[in-house]
Amino acid sequence: MDAIARRLLFQIGTVGFCLNLGELVEIREQISELIDHSQADQELAVVGTLPFKWTSIPVVDLAIRLNIRSVSPDVVLVVNSPAGNLGILVDNIEGFYSAAEMTDCSVPQLLQAEGWRCFDRIVLYLGVPYLQLNLSECYSGVNG
């Protein structure tokens, strides 16, 4: 099975998220000491930068943007977004699963907010909903 046909399921707080495996570069654990907080940008929910392959990448805390209570994120997903590599803080990695075992759904009208939105689909896996990340939105726009 190729990488595109699999997805990573993870949590930020109690909210489940989903990422296509083809968008994942790597998973970094125990990173809290490595983040340079002097490069934070609250408007974009960037908590700092992380050294990555001869450069530094922004680390985004989606819990701030989505007003989710995060447990204690010490894991960063390094992802390849349209804006380049960036890190996303997460609380818990659930694992890699086949996309064929998931059902993709539209976001209900009730959950469609105006302005910035980092997810564009809801994925059901074993009856549990996960928000499918839209990486082009995770590091753009302002809080809204």
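Trainee: In which strand is Ser98 found, and what makes a stretch of residues a strand?

Mentor: Ser98 belongs to strand E8, which covers residues 92–98; strands are DSSP runs of E with at least two residues, helices are runs of H or I with at least four, and both are numbered from the N terminus. This is a predicted model, in which local features need pLDDT of at least 70 and side-chain atom pairs count only at pLDDT 80 or more, whereas totals for chains, interfaces and linings use all residues. Residues are numbered from 1 along each chain as its sequence is written, and side-chain values use heavy atoms, with hydrogens and water left out.

Trainee: Does Ser98 count as buried or exposed, and why?

Mentor: The relative accessibility of Ser98 is 8%, and buried means under 20% relative accessible area, exposed over 50%, and partly exposed in between (1.4 Å probe, protein chains only); Ser98 therefore counts as buried.

Trainee: What does the side chain of Ser98 reach, and what makes a pair of atoms a polar contact?

Mentor: The side chain of Ser98 comes to 3.2 Å from the backbone nitrogen of Ala100. A polar contact is a pair of N or O atoms within 3.5 Å, where within protein one must be able to donate a hydrogen and the other to accept it, and where residues adjacent in sequence count only if both atoms are side-chain atoms; the 3.2 Å between Ser98 and Ala100 therefore falls within the limit.

Trainee: How do you know that E6 and E7 pair, and in which sense do they run?

Mentor: Pairing requires that DSSP finds at least two bridges between the strands, and 7 bridges join E6 (residues 75–81) to E7 (residues 84–90), so these two antiparallel strands qualify. Within this pair, Val78 stands opposite Gly87.

Trainee: Which strands stand at the edges of the open sheet, and why?

Mentor: The sheet has 5 strands in the order E3-E6-E7-E5-E4, with mixed pairing. Strand E3 (24–29) and strand E4 (46–52) each have a single partner strand, so one side of each lacks a neighbour in the sheet.

Trainee: In which sense do E2 and E11 pair, and over how many bridges?

Mentor: They pair in the parallel sense over 2 bridges, with Cys18 and Gln132 as partners. E11 also pairs with E10, in the antiparallel sense over 6 bridges, and there Arg121 stands opposite Gln132.

Trainee: What makes a set of residues a nonpolar core, and how many residues has the largest?

Mentor: A nonpolar core is a set of buried Ala, Val, Leu, Ile, Met, Phe, Trp, Tyr and Cys residues joined through side-chain atoms within 4.5 Å. The largest has 26 residues, and Phe10, Ile12, Leu19, Leu77, Ile88 and Leu133 have the most contacts inside it. Apart from it lies another core, of 10 residues, including Ile35 and Val78.

Trainee: With which residue does Asp104 form a salt bridge, and what makes it one?

Mentor: The partner is Arg7, and the closest N and O atoms are 2.9 Å apart; a salt bridge is a side-chain nitrogen of Lys or Arg within 4 Å of a carboxyl oxygen of Asp or Glu, so this pair qualifies. Asp104 in strand E9 (residues 102–105) and Arg7 in strand E1 are 97 residues apart. Asp104, at 35% relative accessible area, is partly exposed, whereas Arg7, at 8%, is buried.

Trainee: What is the N to O distance in the salt bridge of Arg28 and Glu26?

Mentor: The distance is 3.6 Å, which is within the limit already given and therefore meets the definition. Glu26 is partly exposed, with a relative accessible area of 28%.
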